[in-house]
Amino acid sequence: MSNVSYSAPPGIRYVQYESSKEAEYVPKIRQLISKDLSEPYSIYVYRYFLYQWGNLCFMAMDDEDNLAGVVVSKLEPHRGGPLRGYIAMLATKDSYRGKGIATALVRMALDAMIARNADEVALETEETNSAAMKLYERLGFLRSKKLHRYYLNGNSAYRLVLYLKEGVGMIPTYDPYADLPPSAEPLVDIEKNKPNQ
Amino acid sequence: MSQLNDGPNPLALADSHLPSRPNADSRPPTSILPRSDTKINITSHQISAIDITESFTAASSALNTGQLVKDEYFTLFEAVGALEIMDSKMDSGHLAPGETLEDEYNVLRNLLPEEVIGIMDQILCHEVAWHIGHPLSQTLFTCLYVERLLWPEPKTLEEAQFSRDLNSRSDNPLLNRVLRSYCIATIKACHFVHCMVTGESYYEEEDFTSQLYHRELLPKVSIAEIQTLLDEALSYNDTASISPESKKAIEKRLQFRRSILDALEQDTFPLNAGRTPSLSCIPLLQDIKASSQLGKPVNEAFSTKIQRTLASSVPPRPMVTIKLSDALAHFETLCNDATDVGQILATKTSEELSTAIWVFMSRIPQPSVYIRALVQSFLLDRETQRVLGKTTTKQFLFSSIAAIVLPKSPILEAANDMVESATSPRFQMARLLAEFDGKAGQQYINIFRNACLNRCRTRRTLCHLVLDWDTLQADAEDIDGTLQTYTKEKPALYASHQPTYSYPLSSWVYHHKLNHLRQIIQMGFELSIYAPDEISGMYWFLSYICATHISHIDRISFFLERDMLAQEALSQNSDAPEKPDVKDQADYQKTLKSLFRIYTHLKATDAFSKALHALHTLLLRHKTIEVPQRPYSSDKLRYELRMKPFLSLNVPEPVTFESFREESSCTALSDEEVLEEARMRIGDAKKFWEEVLKAGWSAELAENPELNRSSKEGKTGKTEMQKGSTTIEGEWSEGVKNVIRACIATSISIVTLKKRLDETGGLKGMKVMVPVPGEKGCWHEWWIVPRVLTV
């Protein structure tokens, strides 16, 4: 666990996800995330991340236990090579925006990934989502490539990447053009519907 | 379950009592399972029964009710693909209270002329929405009229009716002839587009969505049949008792369908020099626009309910609507682009082709996926495997090699292929060149194909390609080494004290590889990949690549000149057994001139890069460009990420982070020196870019201006630009002029900064605006010129 704690705005506390509280947390997370999505995720998507990487999920809650913000991420080897963190979902409730909550949540996720030996972190964000891009770029992410018409609405995206260790760029990976082994990355990227910050 | 051979099995009977789909929360019914203390008494020799009750009960108690288990094969793909039934946002079969399963719109109803016009225009909008990448399920296939024609699948054109039931056909000719022919012609046009795009390289769900949902777009129906239908509709329309305005509106729309179908069909013929048919569509598009207000849209004729039968495994997705004016503009651009493709086909050399394709594909907005597929289909015809219908990929490769490194060499002579004696050096040379073709031929043509992808993909693919070209260079070097033994090349002293050889093939590879590296960097500016504070470093790196390339061109020229002089000496020696032709000298001169063009362009790029590097460095130094804190990163780590495409290359040798930092930050130079560097370099840049402009887009044309086949020059010598259609030359020139404008803007910024620096010794009170490519204030998307304002 990270030693750093991020100061929360008044009335807000930061909480790490616990699988024992799945029944309480998941519906709230779903509700907050799905507001920003053009197409909802099924329960399985949430389960997929939270079951395997509950320790990379952090929430901002208010005094009445309402969810003000959440980050959902994962950490696993990328194409058989570097250990890659991936920020899958990030959302802040409208009324709580502009208070640094999203940044704090992302930092907690990054700290947790670093503690678990991550080599790099990646995510995609919509070209027009300047708030999200600024957030990540301020932390140290760079745009590694642009993705044409990545989202269902036809908007393009940028892949943002953060190297955490030297030599990451040279770690061999499966050739992206060759056939992937069954255990390697899925065909579809969930983040096509990445919510706005 | 054990296999049953014969005889009744008590377990089999027990099975049939199990509910077919147990609820997730229910326990397995215990009443039918034998209790654990029940002896199982089966006498058949072929059956061996094992009582698993205990182990089964133990296993199922290992999980709590509602506890999750993840199977290793349940990937993110499965999770994302899952739908929750009865969730209205995910389940397209979910009916809202009172909602009917199917549409209740009567496709056989009598339509007013205005409604027919309205529906036609709505269909056109959907067609264009599909062109730009939206799926048919959200566009054309939402039209109930289209759905009726295509499902169930019609085996003949006659079967494609709005009603399959012969007894309930409508006799309204507006419906049967006019709308039906319009729909059928539209569907067939889509068929052509679908075939063209899916026949070439494209990216699914990026450029285009090819899903047809088990429907076909009338592939077997001939154009002739459809043209007949359209003609019949036009005949009817001519005599119909409807208002003259509506009559004309319908006529133009039907004629447009005729015209575009002709044009699309022509695109599938082997290379056709006369590519004018699509231009006849343009006046019709203008007529359609002029009469659009006559159309009365019929929204009930379009439905998202059809999605249920088309694509039930994905959530319901909204209908995509675009404005008619935008749809018509898209078609107009399509027709102009298709016409301009003729200019690409008319190019004579690989250098011209490269320039023409690059200029064409850099158009804003980029030509549509159909046009980009069309160009690919001409670049390399699938059936004949000919490049632009003329040469083989091997000839194409060799002509490029000849143009850059080997204008006159026994190595490339086609006659070598005819030599049969295996001991002959010419036989060996032919063999080695064939080996090189095997490695390089496909890779070379792929460079041109790659330029036809969307801009993001072009850059991404280049980043992968350079690694292959790095390997190719090493392979080529090996082949060069062997070739030397057959050509008996004498080494020369170039640049160092060690004698060295010309290495023609690997030189050719390296030249192109350096082009790719330069394009990767410059497209990075175009796509806004770099953060504002990265720009200085990237221009430094661009300059570094240019300088490397300039040296390489110099090397190539050196060896060419040596060979040219040797040839000259030989021709003056009247005792020589083989007297070289005067023409040979001309070949060398031509190649050297071509190299000089490349050299000038590189000098221009290099100078401008240096100027912008210096300018951005100064601005960074004085913190007028924002530098984020970046607590999770370090300069070195970001360098590694940014340079990823280049760090694995053997040649050019990767630049270490320390060298990069040292060189690009100009720590040894004062502010005045940095600004002076910027000032001098921008002066050079402007001069070199003017030379580039003067040299023109094509070496061929520079040599032979009378060959001006692609410029639409009038008798006055001024380039005539037809409305909407532009020449490659015109666009290329305009591009270079924009770079020159960017140079001038840079000068202005430098002067403004110098003034402030001279007056105050600093840059306080200066506001810097870093332009965004594509937006106003950016002269050229590859040159990020900061605008400096005094606050």
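Leaving out residues up to four places away in sequence, B:Tyr145 touches B:Tyr105, B:Val107, B:Leu111, B:Ile119, B:Phe162, B:Leu175, B:Leu179, B:Cys183 and B:Ala301, where contact means heavy atoms within 4.5 Å. This is a predicted model, in which local features need pLDDT of at least 70, side-chain atom pairs count only at pLDDT 80 or more, and totals for chains, interfaces and linings use all residues. Residues are numbered from 1 along each chain as its sequence is written, chains are lettered from A and ligands numbered from 1 in the order in which they are written, and side-chain values use heavy atoms, without hydrogens and water.

B:Tyr145 belongs to the largest nonpolar core, of 272 residues, and is among the members that touch the most others, together with A:Ile29, B:Phe436, B:Trp508, B:Phe608 and B:Trp689. Such a core is a set of buried Ala, Val, Leu, Ile, Met, Phe, Trp, Tyr and Cys residues joined through side-chain atoms within 4.5 Å; buried means under 20% relative accessible area, with a 1.4 Å probe and protein chains only. Helix H6 of chain B (residues 173-198) gives this core its largest share, 15 residues. Another core, of seven residues, lies apart from it and includes A:Ala122, A:Val161, B:Leu637 and B:Leu641.

Helix H7 of chain B, residues 223-239, holds B:Ile223; helices are DSSP runs of H or I with at least four residues, strands runs of E with at least two, numbered from the N terminus. B:Ile223 counts as buried because its relative accessibility is 10%. Beyond four places in sequence, B:Ile223 is in contact with B:Lys188, B:Phe192, B:Leu261 and B:Glu265.

Chain A has four helices and seven strands. Of its 197 residues, 55% count as buried.

Key
Buried < 20%, exposed > 50% of the residue type's maximum accessible area, 1.4 Å probe, protein only.
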